[in-house]
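Subject: Structure for you to look at

Hello,

Here is the structure I promised to pass on. Please open it first, then read the notes below.

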Number of protein chains: 2
Amino acid sequence: MVMDNRRPYLPSSPLLFWTCSLLLGCECVSTQRDVAKEVASYTDVANQIIKLVLSGPAQKRSYQRLANFTDTIGNRVSGSHNLELAIKYMYHAMSEDGLDVHLEPAKIPHWVRGEEGAEMILPRPKRLAMLGLGSSVGTPPEGIEAEVVVVSSFEDLKSRAGNVSGRIVVFNQPFVSYSETVAYRAFGASEAAKLGAVAALIRSVTPFSINSPHTGWQDYQEGVTRIPAACITVEDAQLMSRMAGRGQRVVVRVTMGAKTLPDADSFNTVAEIQGWQHPEQVVLLSGHLDSWDVGQGAMDDGGGAIISWEALSIIKDLGLRPRRTMRAVLWTAEEQGGVGAQQYYDQHKVNMSNYDLVMESDLGTFAPVALQFTGSQAAQKVMQEVVKLLAPIMNTTRLEPQAEGTDIGPWMQAGVPGASLHVQDSRYFWFHHSEGDTMSVQSPGDMDRCSALWAVVAYVVADLQDMLPR
Amino acid sequence: MVMDNRRPYLPSSPLLFWTCSLLLGCECVSTQRDVAKEVASYTDVANQIIKLVLSGPAQKRSYQRLANFTDTIGNRVSGSHNLELAIKYMYHAMSEDGLDVHLEPAKIPHWVRGEEGAEMILPRPKRLAMLGLGSSVGTPPEGIEAEVVVVSSFEDLKSRAGNVSGRIVVFNQPFVSYSETVAYRAFGASEAAKLGAVAALIRSVTPFSINSPHTGWQDYQEGVTRIPAACITVEDAQLMSRMAGRGQRVVVRVTMGAKTLPDADSFNTVAEIQGWQHPEQVVLLSGHLDSWDVGQGAMDDGGGAIISWEALSIIKDLGLRPRRTMRAVLWTAEEQGGVGAQQYYDQHKVNMSNYDLVMESDLGTFAPVALQFTGSQAAQKVMQEVVKLLAPIMNTTRLEPQAEGTDIGPWMQAGVPGASLHVQDSRYFWFHHSEGDTMSVQSPGDMDRCSALWAVVAYVVADLQDMLPR
């Protein structure tokens, strides 16, 4: 990263202009500075950003960019040709937008779904909508046909231990919350295999369904037989549960062509506006570019990727340039466990002290309701001031504890402040990892508000005299 | 219909007992009777019904019966083997329940879906979820591949008249209401064919989608070329609309094995409790037994059929017997335009003067919020009193104008009073005619309330001294 010799932007706020002129390079005075006043001096800039996006020339641009991108590429699972196309697309789009863009290599998993299907044979024939789970092995070409044992929990599974061998386990666990219930998708196959099951069919992890199967990653346990694992719909899991509850013999055939190929070459896509004063210091904004191989990956996480790009566009459009570098990173292979982000971390952690704030949007780009933040009490004080600038966007200035984001997790665990977007996401898991994750769930107005918020937070933090205190 | 020689049930209300004993056979006094008082005298009986269903031995029975039925049979489209099985199932189940059951023959349409599928070829390959529409012709075996013209309304279609020939018309009409928007599903193909289109793909008629296609009947216009017609998802219609809006050439291939076979033999399934005083006079309760060939047909209209049976069971369980006959009719081939019901009407209309009230539940068996009623002002006055008995079920005693129901339409048009169930149906069209119409959308408590309401209304009307005034 080299110093940029373009003339620094001088903020329009008189206070800041004075502060900048007077104190430039004099670090010792910084501790006495009134952070509240300093942040408040960005009110005009924040309002310019908000105006540009909510009612100015950038209005609906986030939505248009996301639509152009996901309509053109479609979904883009780790290792796929579509993901390569997506990276090329974003590299060119962000370059044409006038940003400094480069690609950073990463090795990523390459699991392919292949042909797949499931059907109930007894007590009556019925096609079962299903989606194999990422990392699952396939079945023999003729499929696996076996009697089903339906369980409602891991405890229930154990209580039927003598009845599982040679069977297909159907997990019909109720949806409690994603974070709690996803354990069945993640670990169901190995837990069933320990008792001799030949396959696992897991009720999709969603609070609502229109016979919609949801995919996702699953983890085999070391030393346990790898059996095929797929998600079926809430409806079919409940159907088989009712049938088994009546003492009926339920037989299912599942066929999966799934296999894992050698790791693929991929890239994290990085675009930035270099800081005029501390180009080596970074505010990182991010979303992940990969998705599952269903739907359009618009919500998870095209939106997060696009608003991270958009935030940089907005700052550039306004002719702003922060003290520190604003860097948008579009991660690769998040869905396989933050694989691209982990490699970025491993490569860049040597510069950890220069990471001011890491931001990720991966919970949807619906109407924003709060900024989530992880950092020291001192950093929280600063961010409490920053969110006050967001009132015109959210009608609230809520700062919530605990930022979320698989990809920024390593940084936050190492003590770097992190931020994420809390949005009105009551329907997020209705669409998550399903064919329903499309542009139809996105709204231009909501995306504008997310982009404006993202730009204000990132720019102000990147431009404050001091980095956020650890 | 012959007189039943079982001893008539004498209601527990002293007023009624007196009235019955004193006035039996003396029609001339009836005009002086105070209907409000007479109906109010059924409060105890109504509460017995409600208690039996909401907290007594009949609790959850409607749901269990519907689950047993739809889990066992699955969906049951007109002309299918499943529909035959469904009729046999209900004949036996209602007979075992101790009701008088018989079947009345009807000839019904026999349309079969066959293998079908659609895919976008350009600008990028994508599978399109679709469901062919009832009565549609099929495509040649290799399918129909053509460029798409996307329209948002019939007016929009006409404005592009010069651009339709040889194309597949995609109707991307917004959802306004089912009754308004269904015109695109019903008439879209013929309107497109008039301008030379080779197929019509219509956005599913639903306000909400998780990439869910919805089927339904469509009508070819006489003298217009019959082109294949199918519904695609809201998401895919919007996707192609955005693509076309960008000037992109969109090419789709649709393949449908649909065909219409000769009409099939079927039956309306009729169960009854004969009236002790006027067995020839009838209160008819109904729902339709057929469904589309997707989902379980639990909501549309398994629930309506089951509560019509259940209402009779409840009356029987309480040892009640009304003056007039309570007749549950489970219609066949409603989805093809009330085909079974029309034949029943044609056969029974000669006895029209004996039809006291025709009831149908075909808008879901969710939480009831009102009784819908079509009848003279004098009849409305009576029904206003009857719905007062429903307060413990609905927390309201709302009587709304206009009963709805394809199958009871002919009777109502001929002047017979009609009643239907208004339920909390905000999500009804989310599932309607889709794979999402399963037991998972039903709740035992809501079904109990529908059954209790159905039983109270039918029994009280069937037992009043007089038929409802025309």
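Helices here are DSSP runs of H or I with at least four residues, numbered from the N terminus. With that in hand, Ala305(A) falls in helix α9 of chain A, residues 298-317. Please keep in mind that this is a predicted model.

**Around Ala305(A)**

Is Ala305(A) buried or exposed? Ala305(A) has a relative accessible area of 1%. Buried means under 20%, so Ala305(A) counts as buried. Leaving out residues up to four places away in sequence, Ala305(A) touches Gly287(A), His288(A), Leu289(A) and Leu330(A). Glu360(A) is 55 residues from Ala305(A) along the chain, and their C-alpha atoms are 8.8 Å apart.

UniProt has an unreviewed entry that lists residues 268-456 of chain A as "domain: Peptidase M28". Over residues 268-456, chain A is 36% helix and 25% strand. The end C-alpha atoms of that stretch are separated by 24 Å.

**Where the chains meet**

How many residues of chain B are in contact with chain A? There are 31, and they contact 31 residues of chain A. The area buried between the two chains is about 2400 Å². Carbon and sulfur atoms give 51% of that area. On the chain B side, Asp71(B), Arg124(B) and Ile210(B) lose the most area to chain A. Together these three account for 26% of what that side buries.

Polar contacts cross the interface too. The rule finds 16 residue pairs in polar contact between chain B and chain A, both residues being at pLDDT 80 or more. On the side of chain B that touches chain A, the elements giving two or more residues are α4 (61-73), α8 (234-245) and α14 (428-431) of chain B. Helix α4(B) gives the most, with 7 residues. By type, the residues on this side divide into 10 nonpolar, 13 polar and 8 charged.

Side chains of opposite charge can pair when their charged atoms come close. Over all chains, the count comes to 48 salt bridges. One pair crosses between chains, from Arg242(B) in helix α8 of chain B to Asp71(A) in helix α4 of chain A, residues 61-73. Their side chains meet at 2.7 Å, N to O. Between chain B and chain A, the count is 4 salt bridges.

- Arg160(A) and Asp156(A) meet at 2.9 Å, N to O. Arg160(A) is partly exposed, with a relative accessible area of 34%, whereas Asp156(A) is buried at 15%.
- Lys349(A) and Asp346(A) meet at 3.9 Å, N to O. Lys349(A) is partly exposed at 39% relative accessibility, and Asp346(A) is partly exposed at 41%.

Chain A also holds a network. Salt bridges that share partners join Arg61(A), Arg65(A), Asp97(A), Glu310(A), Lys316(A) and Asp317(A) into one network.

**Where to start**

I would begin with the pair of Arg242(B) and Asp71(A), a salt bridge between the chains. Then turn to Ala305(A) in helix α9 of chain A.

Best wishes

Notes:
Residues are numbered from 1 along each chain as its sequence is written. Chains are lettered from A and ligands numbered from 1 in the order in which they are written. This is a predicted model: local features need pLDDT of at least 70, side-chain atom pairs count only at pLDDT 80 or more; totals for chains, interfaces and linings use all residues. Side-chain values use heavy atoms; hydrogens and water are left out. Contact means heavy atoms within 4.5 Å. Buried area is the accessible area (1.4 Å probe) that two parts lose on being put together, summed over both. A polar contact is a pair of N or O atoms within 3.5 Å; within protein, one must be able to donate a hydrogen and the other to accept it, and residues adjacent in sequence count only if both atoms are side-chain atoms. Ala, Val, Leu, Ile, Met, Phe, Trp, Tyr, Cys and Pro count as nonpolar, Asp, Glu, Lys and Arg as charged, and the others, Gly among them, as polar. Buried means under 20% relative accessible area, exposed over 50%, partly exposed in between (1.4 Å probe, protein chains only). UniProt positions are given in the numbering used here, feature names are shortened, and annotations may be inferred rather than shown by experiment.
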